[in-house]
Amino acid sequence: MKKLNYGIIIVLGILSFIPLLWVVVTSFSPGNQVINGGFPFWVTNPTFENYIQAWETAPFLQYYFNTFVIVFGVLIVQIVTVTLAAYAFARVNFTGKNVLFILFLLQLMIQPEILLFPNYQVISQLGLVNTKLAVMMPYWASAFGVFLMRQTFKQVPFDLDEAARMDGCKWYQTLWHVYIPSAKPTYIAFALVSVSHHWSNFMWPLIITDSVESRPLTVGLALFAQSYETGAQWGMVAAGTVMVIMPLVIAFFLFQKQFVSSFMHSGIK
């Protein structure tokens, strides 16, 4: 049975890897081989011409800058809001705390597409349409992050909290010196999930942005693939796709052990 499970996992892994392999191989293939070669898992004359043409055709450097600003701008604010909310739900006693926490978690059950129109109305009234700030604002609070961090904070022994108070620490000093250091693995896990999600986010940036100065990589790639310069030049489209996904792939291989270890240490009890 164990061998069967391993076999199924290997087969599913290979099937999941095939599209990525096809995109990478196609990005190095000459245009005529892509069109006439069918399903090219080999390259007879590898070339970087597709990458050069794609880089010159679309402003990928600007798209990279926009994406980094959006992704890390969201992450920094999320860490602040998640930390404060999680500490309040884990250690502060107030009326209706459990009910409020359940209502807060209801955000996990709401599909993001449902909030597209209300979010657009709010952003439009604020005069922030077509700005990087407009892309970031709806994601500054994370119900998943609050839930994950609350569970981690509740695992911190209450004796440490009492000892810090007896030493004269304010609540924010206790949070900074006791809770945040104890939750480091959880912060790493949440940061990896947040960066991956917002790097790949497409629908909301597509709706709220309308210029090169604000578009992230995902929207820029979609417009690049549909533009008349590329047409049926699948090699250029594949090269653009590789340039978009490669930073996440490299980051995963570099931080693979930390990624797995972080989730193991941030287990929910």
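Modeller: The questions and answers below concern the structure shown above.

This is a predicted model, in which local features need pLDDT of at least 70 and side-chain atom pairs count only at pLDDT 80 or more, while totals for chains, interfaces and linings use all residues. Residues are numbered from 1 along each chain as its sequence is written, and side-chain values use heavy atoms, with hydrogens and water left out.

Colleague: How many helices and strands are there in the protein?

Modeller: Helices (H or I, at least four residues) and strands (E, at least two) are DSSP runs, numbered from the N terminus. On that basis the protein has zero strands, and its helices number 15.

Colleague: What percentage of the residues count as buried?

Modeller: Buried means under 20% relative accessible area, exposed over 50%, and partly exposed in between (1.4 Å probe, protein chains only). Of the 269 residues in the protein, the buried share is 35%.

Colleague: Is Ser27 buried or exposed?

Modeller: Ser27 belongs to helix α1, residues 2-27. Its relative accessibility is 0%, so Ser27 counts as buried.

Colleague: With which side chain does the side chain of Ser27 make a polar contact?

Modeller: A polar contact is a pair of N or O atoms within 3.5 Å; within protein, one must be able to donate a hydrogen and the other to accept it, and residues adjacent in sequence count only if both atoms are side-chain atoms. The Ser27 side chain reaches the backbone oxygen of Val24 at 2.5 Å. Its side-chain partner, at 2.7 Å, is Tyr51.

Colleague: Which backbone oxygen does the side chain of Thr218 reach?

Modeller: Thr218 lies in helix α13, residues 217-226, and counts as buried because its relative accessible area is 14%. Contact means heavy atoms within 4.5 Å; not counting residues up to four places away in sequence, Thr218 touches Trp199, Ser200, Asn201 and Phe202. The backbone oxygen reached by its side chain, at 2.7 Å, is that of Asn201.

Colleague: How are α4 and α8 oriented to each other?

Modeller: Axes are lines fitted to C-alpha atoms, for helices over the stretch in contact, and angles run from 0 to 180 degrees between N-to-C directions. The axes of helix α4 (residues 60-91) and helix α8 (residues 143-154) come within 8 Å and cross at roughly 50°. Angles under 35 degrees count as roughly parallel, over 145 as roughly antiparallel, 65 to 115 as roughly perpendicular and the rest as oblique. The pair α4 and α8 is therefore oblique.

Colleague: How are α8 and α11 oriented to each other?

Modeller: The axes of α8 and helix α11 (residues 184-200) come within 10 Å, crossing at roughly 170°. That angle is why α8 and α11 are described as roughly antiparallel.

Colleague: What distance separates the C-alpha atoms of Val80 and Trp140?

Modeller: Val80 lies in helix α4 and, at 45% relative accessibility, counts as partly exposed. Val80 and Trp140 are 60 residues apart along the chain, and their C-alpha atoms are separated by 9.1 Å.
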